[in-house]
Amino acid sequence: MTDLLRRLLRTPQGAIGSALLVLLALLCLLGPELAPRDPEAIDFLGRFRPPGAQNWLGADQLGRDVLSRLMTGARSTIPLALLATLLGTLAGAVIGTLSAYLGGRWDEAIMRNVDAVMAIPGLLLALLLVSSLGKGSLNATLAIAIAFTPGMARVTRSVALNVRAQDYVKAALARGEHASFIVLREMLPNVVGPVVVETTIRVAFAVMLFATLSFLGLGAQPPAPEWGLMVAEARRFVHQAPWIILAPALAIGVTAIAFNLLGDGLRDALNPRDER
Amino acid sequence: MSTGWLLRRLFLVAYTVLVVSVLVFAITQVLPADAAVTLLGENATPEALAAVRDRLGLNDPIWLQYWHWLTAALTGDFGHSMRTGQPVAPMMLTALSRSLLLALLSILLMLAVAVPLGLWAALRQGKAADLVTGFISYIGVSLPEFVTATLLLIVLADWLQWLPATGYVPPGEDFWDSMAHLVLPVLTVSIIMVAHVSRMVRSETIDVLHSDYIRAARLKGLAPRSVLLRHVLRNALLPVITIVALDVGYLLGGIIVVEEIFALPGIGRQLIVAITARDLPPSRPARWSWP
């Protein structure tokens, strides 16, 4: 484990990604406490105040401090996206592993249906699901989880098939090991790696998707300080106060970049043969 | 490519479309809004509501409703919008044509930029140019469409005042004005695809450049330009076609957000309007057109 961590931190992507992620995790945990002002405090006299001593990142259309909203908003934006990805991965892993295990015509049938669902672009599927489940953060989370499931099913299936064909599995079978031993000690540790890489990169996508849904009014609802929602609300004031829209927009971008970097770093760390 | 293979592929496409239509119908059926109430309003009498439910076939079992819808749809009748009372099909077609224009322009721009960019980066692998383009591509893929759209809007329409911010003008009316309105949306959608595809082109080209047959061609004494055009390009671009096809799927999703931001009356916008108004008939064919 420590070996993996060391390898991860040696790559530039892994190092920067991990550093950014620690920062984001801190924001999620301690953001509201560390925020200089109350994120919901409306101050009509301070509307549209540009960044300065009083509001480090400026004030928005209701006089609320943008920096405080940003720091508090990490908690509204990132954890649910993470949860959605984990749920999707779990569901996808079950389907994918089952399909790989069953093999033959069952495998084909399941995968054809998975492909059919994957024909619908993620955002669209999420949109439609949210439209029937109703607006809200939790429904958006569920919708994203469902939208991610077929993709993760495909990935886990291909990884499982790959691992199953490896020599060490055949050797274990030849040794007469029990099925549970093979699955737990030989297959699972090798399946987990690529799946974790894929999941990490998907979290970046989930954060963007969640923000997009909130932007369209179908995810987090006002006055939640969710970053996508902040961008949507700030659209009207782009001319007079661009800082209101730039702060959350860049925050989303940095988060996505952080997860992408971490995923890339993990991929490199898990493939020691790629020493360059 | 035998006819057998082609037929199997077509069958799979048809099957996919069918599954998608079932999925879409199933999901929209879960909409809690009662269609009859939406149509007549909250103060309608129970008898009137019952009559409308009967007329719309809402009391039939779900699979029967689906069957009715499917058979009607295959003849081109997509029903009437509950919000406006207008037939859905013509609305969809106009909206679809506008979105297709946007999609087509985006794909063309993307191909024109991504392929040369990827090739260029591959030929200068490891040097400053490669690293810079890689960095920019990374950023491009990590920003959601609405963020890129907003940034472009701020810079190009607001600060520099080069382009109009929102709205749509049909090409028939005023060609140049129409194009001016399309620049920002097309740019937004293309940026992400360019980032993605150019990285693919780059990595494929690098692989090909290191391959044996390229070394053989060079040892044979072929001029570098000829090597590039005749051998490298053809082999590197083949896998890229797959990526482009997959990206088109993404494109259709990205169009929804872009149409919303730039107020383009395309099919993405129709979808959002229909969903927000809980209008059943238009939201189904809008979804149907994606696969």
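A residue is taken here as buried if 20 or more other C-beta atoms lie within 10 Å of its own. The structure described below is a predicted model, and the predictor gives the complex an ipTM of 0.72 and a pTM of 0.78. With that cut-off, the buried residues of helix α5 of chain A are A:G122, A:L123, A:L124, A:L125, A:A126, A:L127, A:L128, A:L129, A:V130 and A:S131, so that 10 of the 12 residues of this helix are buried and the element as a whole is mostly covered.

The secondary structure of chain A comes to 10 helices and zero strands, and the order of its elements from the N terminus is accordingly α-α-α-α-α-α-α-α-α-α. Along its principal axes, the C-alpha trace of this chain spans about 80 × 45 × 30 Å. Of the 276 residues of chain A, 49% count as buried, and among its contacts with a separation of 6 or more, 70% are accounted for by residues 24 or more positions apart.

Helix α5 of chain A covers residues 122-133, and its end C-alpha atoms are 16 Å apart, which agrees with the span of 16 Å that 12 residues should have at 1.5 Å a residue. Within this helix lies A:L128, which counts as buried because it has 25 C-beta neighbours inside 10 Å. Between A:L128 and A:A234, which are 106 residues apart in sequence, the C-alpha to C-alpha distance is 25 Å. The helix is followed by A:G134, a residue whose phi is positive, near 105°.

The largest nonpolar core has 135 residues, and those with the most contacts inside it are A:A126, A:I144, A:V207, A:F210 and A:V231. One of these, A:A126, is also among the buried residues of α5(A). For A:V207, when its neighbours within four places in sequence are left aside, the residues in contact are A:T77, A:I78, A:A81, A:I252, A:T255, A:A256 and A:F259.

A further local feature of chain A concerns its backbone. The peptide bond that leads from A:P222 to A:P223 is cis, with omega near 0°, and A:P223 is found in the loop between α8 and α9 (227-234) of chain A.

The contact between the two chains takes 32 residues from chain A and 32 residues from chain B. On the side of chain A that touches chain B, the elements that give two or more residues are α4 (104-118), α5, α8 (179-215) and α10 (243-269) of chain A. The largest share of this side, eight residues, comes from α5(A). By class, the side of chain A that touches chain B has 23 nonpolar, eight polar and one charged residues.

Chain B has 12 helices and zero strands; its elements, read from the N terminus on, run α-α-α-α-α-α-α-α-α-α-α-α. Buried residues make up 34% of the 291 residues in this chain, and of the contacts in chain B between residues at least 6 apart in sequence, 67% join residues at least 24 apart.

Helix α6 of chain B, residues 128-142, has 15 residues and reaches 21 Å from its first C-alpha to its last, close to the 21 Å expected at 1.5 Å a residue. The buried residues of α6(B) are B:S137, B:V141 and B:S142. These cover an arc of only 125° around the axis, which puts them on the same side of the helix. On the other side of α6(B), B:A128, B:V132 and B:F135 are exposed. An α-helix has 3.6 residues a turn, so residues three or four places apart point the same way. Also in helix α6 of chain B is B:Y138, which counts as partly exposed because it has 16 C-beta neighbours inside 10 Å. The C-alpha atoms of B:Y138 and B:L238, which are 100 residues apart along the chain, are separated by 23 Å.

The mean pLDDT of chain B is 75, and 78% of its residues reach 70 or more. Within this chain, confidence is highest in helix α5 (residues 88-123) of chain B, at 83, and lowest in helix α12 (residues 280-288) of chain B, at a mean of 57. Where pLDDT is low, the predicted coordinates should not be read in detail.

Technical notes: Residues numbered from 1 in each chain as written. Chains lettered and ligands numbered in written order. Predicted model: local features only at pLDDT ≥ 70, side-chain atom pairs only at ≥ 80, totals over all residues. Core = buried A, V, L, I, M, F, W, Y, C linked by C-beta atoms within 7 Å. Contact = placed C-beta atoms within 7 Å. Helix = DSSP H or I, 4+ residues; strand = E, 2+ residues; numbered from the N terminus. Expected span 1.5 Å × (residues − 1). Nonpolar A, V, L, I, M, F, W, Y, C, P; charged D, E, K, R; others polar. Arc of directions from axis to C-beta. pLDDT = per-residue confidence, 0-100.
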